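Subject: Structure handover

Hi,

Here is the structure for you to look over. My notes follow below it.

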Amino acid sequence: MKYNCDLISDLLPLYKDDICSETTKKIVEEHIAECPDCKKILNSLNDVTIDEKIVKEKEQVIDSQAKFFKRKSALAGSIIALIFAIPILVCLIVNLATGAGLTWFFIVLAGILVAASLIVVPLMVPENKMITTMGSFTASVMLLLGIICIYSHGNWFPVAASATLFGLTLCFAPFIVYRRPVNAYVKNFKGLAIMCAYTAAFVLMMLCIGLLVGMKEFFPMAFAVAMPLVAMCWAVFAIVRYLRFNAAVKTGLSITAIGILSGILDLLANTAAVSESATGVVVSSYSSLPIMLSIGGVGILIAGIGFLVGKFKGGKK
Ligand SMILES: [Zn+2]
């Protein structure tokens with residue numbers, strides 16, 4: 001062979017892309033005819049090109065399919081929105097014709113918006129469908145409650161709204177923290193973020209109820225019962241999520257925390273009841289404190305056994 005393989009393999013990419021001179025072409029072709037090794041290299045170069053082509057085509061197909069479905073779902077969303085508009089229009093006309101001004105029409109409108117938020121929004125929104133749908137659903141439910149409250153001359157809106165918000169937070173928060181753009185902010189603190197959302201929604205609801213019922217009647221007892229319960233949730237969450245122990249130890253510690261905090265709840269609730277007894281609240285002489293503290297003791301026992309078993313197993317390795 002006139003030329004060595006290193007030289008030819010350097011030229012092969014140029015030959016493959018057809019950007020070399022006729023002389024080089026001839027040299028490469030003559031060499032390949034005699035050298036199976038270099039022929040193999042040329043074949044593999046051509047294969048890579050085919051692979052690239054396939055990948056590109058695949059991407060194009062997926063892209064056009066995605067665009068197609070986006071257009072279709074936007075169309076479906078528009079049609080459904082139009083269908084929703086029919087009863088809205090009918091009610092608008094009927095309400096204007098029969099009543100003095102618009103009254104119950106707004107309730108119909110808000111009710112249909114609730115339905116639309118679940119059906120039309122996910123079809124029409126191009127990105128972040130889940131979060132946008134949850135947000136629009138929550139907003140439309142709030143609007144519906146607000147309008148009904150105004151229409152019925154009630155003062156219950158803050159309680160109903162905050163209680164609904166609390167329930168929706170319970171359902172939505174675990175999904176929202178895993179979605180863009182929220183997941184970029186919470187990163188590895190998803191559990192913590194969910195707990196904070198739950199606590200905030202709960203406190204808001206309690207405040208709204210307190211404002212409606214009257215702070216003085218509501219708060220001493222509500223605080224006595226709610227605070228230990230919230231602390232219980234946080235304690236179990238912190239133990240399960242952040243302690244680096246085996247499952248038995250975590251279970252035992254959780255039981256202990258629940259026992260102790262139930263005891264505190266019992267004490268606080270009894271104290272609150274005694275201070276309210278003048279206002280007619282029946283005071284129970286029964287105290288579950290010893291039972292709660294025994295439960296705490298059992299928890300410590302389980303945690304201790306779990307710890308020892310874990311150590312024994314670890315020592316054997
Ligand atoms: Zn060669």
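Helix α3 is hardly covered: one of its 63 residues is buried. Buried means 20 or more other C-beta atoms within 10 Å of the residue's own; exposed means 12 or fewer, partly exposed is in between, and C-beta atoms are placed from the backbone. Helices are DSSP runs of H or I, at least four residues, numbered from the N terminus.

The model is predicted: local features need pLDDT of at least 70, side-chain atom pairs count only at pLDDT 80 or more, and totals for chains, interfaces and linings use all residues. Residues are numbered from 1 along each chain as its sequence is written.

Back to α3. From first C-alpha to last it reaches 93 Å, close to the 93 Å expected (1.5 Å times one less than the number of residues). T98 sits in this helix, which runs over residues 36-98. T98 counts as exposed because it has 9 C-beta neighbours inside 10 Å. Its C-alpha is 56 Å from that of M232, 134 residues apart along the chain.

Next, the helix pairs. Axes are lines fitted to C-alpha atoms over the stretch in contact, and angles run from 0 to 180 degrees between N-to-C directions.

- α4 (residues 105-124) and α5 cross at roughly 175 degrees, and their axes come within 9 Å. So α4 is roughly antiparallel to α5 (an angle over 145 degrees). The contact (C-beta atoms within 7 Å) includes F106, V114 and V121 of α4 and F137, V141 and Y151 of α5.
- α8 (residues 190-213) and α9 (residues 215-242) pack at about 175 degrees, with axes 10 Å apart. So α8 is roughly antiparallel to α9. Among the residues in contact are M195, F202 and I209 of α8 and F219, A226 and W234 of α9.

Now the cores. A nonpolar core is a set of buried Ala, Val, Leu, Ile, Met, Phe, Trp, Tyr and Cys residues joined through C-beta atoms within 7 Å. The largest has six residues: M134, F137, V141, L145, A161 and I176. α5 (129-151) and α6 (157-176) each give two or more of them. α5 gives the most, with four. Leaving out residues up to four places away in sequence, V141 touches V114 and T164. Another core lies apart from this one and has five residues, including I258, I260, L261 and L265.

Last, domains, with bounds from an automatic or database assignment. Domain 1 covers 68-154 and domain 2 covers 242-317. Their C-alpha centres lie 48 Å apart.

Best wishes

How values were computed. Contact = placed C-beta atoms within 7 Å. Parallel < 35°, antiparallel > 145°, perpendicular 65-115°, else oblique.
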